[in-house]
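Please examine the structure shown below, together with its sequence.

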Amino acid sequence: MAKPKVAFYWCASCGGCEEAIVDLAENILPVVEAVDIVLWPVALDFKRKDIEAMKDGEIAVSFINGAIRSEEQEEMVKLLRRKSQIVIAFGSCAYLGGIPGLANLFTRQEILDTVYFDAPSVVNPNKILPQLATDMGEGEVTLPELHECVKTLDQVIAVEYYIPGCAPPPDLISEALTAILEGKLPAVGSVLAPQKTLCDTCPRKDSKPEKISVSEVKRMAFTQIPDDKCFLSEGVICLGPATISGCGTRCINANMPCRGCFGPSKAVKDQGAKFLSAFASLIDSEDEEEIKKITDSVIDPAGLFYMFSLPSSLKAKFFEREV
Ligand code: SF4
Ligand code: SF4
């Protein structure tokens with residue numbers, strides 16, 4: 001019997017999701033045995049034309065990581081959508097926009113100006129910018145056009161499932177692969193991770209009091225938190241209350257607060273807003289001046305509360321631009 005065809009593709013991401021597949025270590029062997037990998041640019045030399053030559057729906061599952069920022073990424077995910085029965089948004093960037101999504105706080109022009117003209121380390125007296133097409137003598141070299149903003153995968157194509165995480169942990173990937181191979185996938189639209197909050201599974205949850213009062217926001221770089229104390233109760237921002245579990249509390253175990261890479265539970269539409277409202281209720285003051293002092297001490301609130309989810313947030317509508 002023919003093995004199911006599987007594709008892996010990456011868009012705007014750091015490569016960590018590709019590492020996560022490699023991190024399956026020996027668990028990848030039964031997968032490789034059971035499926036026929038037809039595209040995996042980071043590891044195998046298949047070409048776009050190989051996918052174009054396939055029949056529509058011929059690929060059983062495509063795992064796509066990374067957000068969508070360029071013309072080429074949009075073309076490739078639309079091609080993979082056509083050729084695939086199931087598309088999985090793999091990792092935080094494909095699922096929620098991820099860290100590349102923080103670029104939506106700026107216009108494309110602002111980003112290009114910073115990167116190519118204004119950054120202190122840049123020397124570019126002739127104001128040269130990358131061109132979409134450059135004649136090199138031997139032929140024309142082309143670059144894909146950058147979109148005006150970063151989008152999640154499901155803002156560009158239909159997606160059946162989501163595997164969260166920056167990067168997704170190997171046990172979650174293994175469980176998803178097993179479910180796919182055994183045909184035991186849940187309802188379309190599901191996030192393939194437990195829906196409990198991270199706080200519910202946190203080894204420090206017993207030190208989290210019923211009512212937390214925050215009178216000062218501390219930064220990890222300038223404070224020491226005992227390794228059995230809840231970060232929030234110690235005044236360090238931790239997105240555990242607004243984030244689902246499934247990562248194995250890996251940041252907490254390394255004595256770092258959660259930054260929310262697994263995204264919110266199904267019931268929550270906007271992870272940052274959810275945390276913001278929870279955080280506002282923790283502030284221990286009625287005095288306007290004092291409240292301002294506490295909120296002002298949160299450095300880079302947009303980057304903190306929306307570190308992984310800006311393009312998927314309700315706030316995204318303020319940044320909506322033509323793709
Ligand atoms: S707020 Fe953070 S440290 Fe505290 S219980 Fe939740 S996940 Fe753990
Ligand atoms: S603790 Fe939070 S930020 Fe860290 S891996 Fe888990 S969900 Fe992601």
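The model is predicted, and local features need pLDDT of at least 70, side-chain atom pairs count only at pLDDT 80 or more, and totals for chains, interfaces and linings use all residues. Residues are numbered from 1 along each chain as its sequence is written, while chains are lettered from A and ligands numbered from 1 in the order in which they are written.

Strand S5 covers residues 84-90. Strands (E, at least two residues) and helices (H or I, at least four) are DSSP runs, numbered from the N terminus. Of the 7 residues in S5, 5 are buried, a term for residues with 20 or more other C-beta atoms, placed from the backbone, within 10 Å of their own. Two strands pair if DSSP finds at least two bridges between them. S5 pairs in the parallel sense with strand S3 (residues 59-65) over 5 bridges; here Ser 84 of S5 is the bridge partner of Ile 59. S5 also pairs in the parallel sense with strand S9 (residues 161-163), over 3 bridges, and Phe 90 has Ile 163 in S9 as its bridge partner.

Which residues come nearest to ligand 1? Of the 15 residues around ligand 1, they are Cys 199, Cys 202, Cys 230, Cys 238 and Gly 240. A residue is near a molecule if its C-beta atom, placed from the backbone, lies within 6 Å of it.

Ligand 2 has 13 residues around it, of which Cys 247, Cys 251, Cys 258, Cys 261 and Phe 262 come nearest. Helix H9 (residues 250-253) supplies the largest share of this shell, 3 residues.

Definitions and conventions: Buried ≥ 20, exposed ≤ 12 C-beta atoms within 10 Å, placed from the backbone.
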